[in-house]
Amino acid sequence: MMKQKSKAILHIDHLQKNFGKFQALKNVTFDVYPGEVFGFIGPNGAGKSTTIRTLLGILRASGGTATLFGKDVYKDSVSIHKKLAYVPGDVYLWPNLTGGEIIDLFLKLGNTKHSKKTDEMIKRFQLDTTKKARTYSKGNRQKVALVAAFSTDADFYIFDEPTSGLDPLNEEIFQKSVLELKQAGKAVLLSSHILSEVEKMCDRIGIIRDGEIVETGSLSDMRHLTRTVIQFQTMEPTTELRNLNGVHNIILNTNGLTTFSVDSDQMSSVMDYLSSKKIVSLQSTPPTLEDLFMRYYNSNEGR
Amino acid sequence: MENRNFHQTFFLTRFSLKRDWLKLTIWSGLLVILFASVAAKFTTIYDSQASIDEIVKTLKSPSMVSLFGKLPGNGPYTTADVFAGEMTVFMAIIAAIMNFSIIIKNTRGEEDSGLLEIIQSHSVGKLSNLSASLIELFIINLLIGLLYGGGLQVANLTGTDTNGNFLLGLGLGATGFMYATIAAFLAQLVDNSRSATIWSYVIFGLMYIARMTTDISHPKATWFVPFGWVEKFSTYQDNDWTPVFLMLGLSLILSIAALWINNHRDIGSGIIATKPGRARASIFLRGPLSLFWRLHRTTIIVWVIGLLILGLTYGSIFNTIGDILKTNPAMKKLVGSVAVQNANVLIIKQFVALLMIVFGVLALFPGIQIINYLKTGENKGYLELIHSKPVSRTYLFTSVLVLGALTSLTALFAGMWGLQLGGASVMKHPIELTVFLRGFYAYISPIMIMLGISSFIIGWIPRISVVSYLYAGFALFVEYFGKLIDLSKWISKLTPFGYINKVPVHQMDPGTFWWQLILAAILIILGYIGYHIRDLNSAN
């Protein structure tokens, strides 16, 4: 574990941020490693953008530490930003500059130049760079920031809900481009609430709720924490099923099938019981990220 | 209703009044208090006929005519005449600023920010927002006009009458509404609020200069300048309501024109469309400084050229002002032509000394605007991507500060240079540029303090950044106007301009220069510290 920690590009430890009396971030802790895409999920207002802005040195943390490339995100922001690319969720561009001018300006500010890669990205996203930013739609403004970010040679990429304005075709292009970054060994922090996107792209996930990271790990790690839905039919009646540990929501369907959900850690004992009753058919559905997400958020209601 | 274009107009008017109530209350409160308190003060300053005759002599001199407009009618003048003569043009200028800012924000500004699109997606007529904004400003200008009139009734200056009081009050209200319709019309022509603001002030500036030139040479021609109509009220003399109807007529024409354009264009567009531009950035656009220059280029050029033209215009009346023989032909025989020439130059220097504060404060505005961009650009979200680049806060702060200071100083220099050029074009013995540069050098330090205050505010409490403008406006009022209404000396010491000696009549004072520069440096350093440790804002 120690060895892994030393390799982490981003290391956040008990990060806190207050705005006056309001605690926007209570306890945010997670790491991001090279060559991985880290999915940062949570609903609106949970603290995703506040965390990201703190990592960018735009906001100053009230407590805890955050380091990128081993440097303090606030004090060393300038040297960190040399190796960082960022796309905000809402991209605002100077109305009287063209998309092409803004892309070039961003590249120059990052001490790079308009390269073949830039042209390729402009082509890939099919962006008309001669138009004034005033005339761009939200999606086109996002494309400007994406083209600039993808053609920057950075080691750490931050995307804050980058596909909220993109059509499915461009979303696909975005996913492809992130995959290329991952293959090149770059680290990516992807904040999103489009769970299918996160499920498809991310190696590990952090879930944030009310300014607190409530869960981190790979999707398969997390599935252990949740329930699998099982639908079955047996020769013999399964009357004791409802008394077994970790079994929930038993429903007897009219077609003779029974559906229930089971905690992942109780799976084997439940399976043993079912097989003892002579299984006729059995179908299991793994939990989706959505189930996981809902479980964390619905448990909030009780508080 | 047959025509659905105006559907829900009155609902939107009520909504706008509710939304803007604080802004409207502050503006109208300030204007009415200013107007009424000056009126109340006048009863004590100009209580004797001797003091009135004294000020009337000043007001009739070409330099004062160029600044405040022509005093109408013939003597004997009363306190009320002096009040109307001094306040009319001045209040008209403030009315223009108020109406420009509110109407452009409520029409083109709402369209820029996308709010209008949301409103129009509801069951609301296409022209409802524009008509609601016009009605809103009509109501507020009418209210201000009535309060002016009422205030004058209460102040009860010697020589007033009810007709004149309400003519002046409602006339100034009509002036305000006329400016609102001018800006509303221009906001329909161009396709963004910044251009609308720039164009409104360009038109305003041209009208001011036309008014000034005609006042000096052909007062009748002032009838052709809408700005000049305020002078034609001839308040307390002839009490002429014609200009008020002219203003309302022009307002009606402009309102109809604006509504017509609004009806015939798409949302977010103008008659003057935005053309496509470069696909690649030029080699000059490469960092924060060049970006800020690019963003403010038009503003900077407009202000610098504007001040140059203002200087030229004032300079071109030097021969009229500095002609002592006109009033006293026997003087040449008495003191000789060299002494006459010296006396003429002194009069011009006195005139320039009074003008200095106008140039100083006008030169400040673009500088403050550039420094405040660290806040406005932040709030609009434009700077968030810059903040994620390897660009230090120090560099950003330094960039706006350098650009802002250079802009203000260049604009001031342009004004001084304009004075010299304008003077040289009409005088037999032109005054040298070095004389005007005394004014330039002396005003560097107070301008730097004012910009230092702006940077301090941006560093620590950016949400009150508008205070910089208010403070500059206060300085203009106190220095330019304070002498006429006999403000106490200590009030003048509340701004750094109050410590500058009378330039270019005298040389600048190096002592003042240095302590002011040191104070400016301290403010800037404190501002830098604040900007370094505070949270930066984002659009959401």
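The questions and answers below concern a predicted model and take up confidence, strands, helices, the chain contact and some backbone features in turn.

Q: How much confidence does the predictor place in chain A?
A: Chain A has an average pLDDT of 88, and 95% of the residues reach at least 70. Residues 1-6 of chain A, however, have a pLDDT below 50, and this stretch makes one contact in the model beyond near neighbours in sequence. Where pLDDT is low, the predicted coordinates should not be read in detail.

Q: What makes strand S3 of chain A mostly covered?
A: A residue is buried if 20 or more other C-beta atoms lie within 10 Å of its own. In S3(A), residues 37-41, five of the five residues are buried, so the strand is described as mostly covered.

Q: Which residues of S3(A) point one way and which the other?
A: A:Val37, A:Gly39 and A:Ile41 point one way, while A:Phe38 and A:Phe40 point the other way; all are buried. In a regular strand the side chains alternate between the two faces of the sheet.

Q: Why is S3(A) said to pair with strand S8 of chain A?
A: Pairing requires at least two bridges. Five bridges join S3(A) to S8(A), residues 187-192, and therefore the two strands pair; they run parallel. Within this pairing, A:Ile41 stands opposite A:Ser192.

Q: Why are helices H9 and H11 of chain B called roughly parallel?
A: The axes of H9(B), residues 193-217, and H11(B), residues 288-315, come within 11 Å and cross at roughly 5°. Angles under 35 degrees count as roughly parallel, so H9(B) is roughly parallel to H11(B). From H9(B) the contact is made by B:Ile198, B:Val202, B:Gly205, B:Ile209, B:Met212 and B:Thr213, and from H11(B) by B:Thr298, B:Thr299, B:Val302, B:Gly306, B:Ile309 and B:Thr313. These residues divide into six nonpolar, six polar and no charged; Gly counts as polar.

Q: What does each chain contribute to the contact between chains A and B?
A: The contact takes 31 residues from chain B and 34 residues from chain A. On the side of chain B that touches chain A, H11 and helix H17 (384-387) each supply at least two residues, and H17(B) gives the most, with four residues. The residues of this side divide into 14 nonpolar, ten polar and seven charged.

Q: What makes the peptide bond from B:Val503 to B:Pro504 cis?
A: This bond has omega near 0° and is cis. B:Pro504 is found in the loop between helix H21 (489-492) and helix H22 (510-533) of chain B.

Q: Why is A:Phe69 called partly exposed?
A: A:Phe69 has 18 C-beta neighbours inside 10 Å. A:Phe69 lies in the loop between strands S4 (63-68) and S5 (71-72) of chain A and has a positive phi of about 55° although it is not a glycine.

Q: Is A:Glu161 buried or exposed?
A: A:Glu161 has 22 other C-beta atoms within 10 Å; the cut-off is 20 or more, so A:Glu161 is buried. A:Glu161, not a glycine, has a positive phi of about 45° and its place is in the loop between strand S7 (156-160) and helix H7 (168-183) of chain A.

How values were computed. Residues are numbered from 1 along each chain as its sequence is written. Chains are lettered from A and ligands numbered from 1 in the order in which they are written. This is a predicted model: local features need pLDDT of at least 70, side-chain atom pairs count only at pLDDT 80 or more; totals for chains, interfaces and linings use all residues. pLDDT is the predictor's confidence in each residue, from 0 to 100. Two residues are in contact if their C-beta atoms, placed from the backbone, lie within 7 Å. A residue is buried if 20 or more other C-beta atoms lie within 10 Å of its own, exposed if 12 or fewer, and partly exposed in between; C-beta atoms are placed from the backbone. Axes are lines fitted to C-alpha atoms, for helices over the stretch in contact, and angles run from 0 to 180 degrees between N-to-C directions. Angles under 35 degrees count as roughly parallel, over 145 as roughly antiparallel, 65 to 115 as roughly perpendicular and the rest as oblique.
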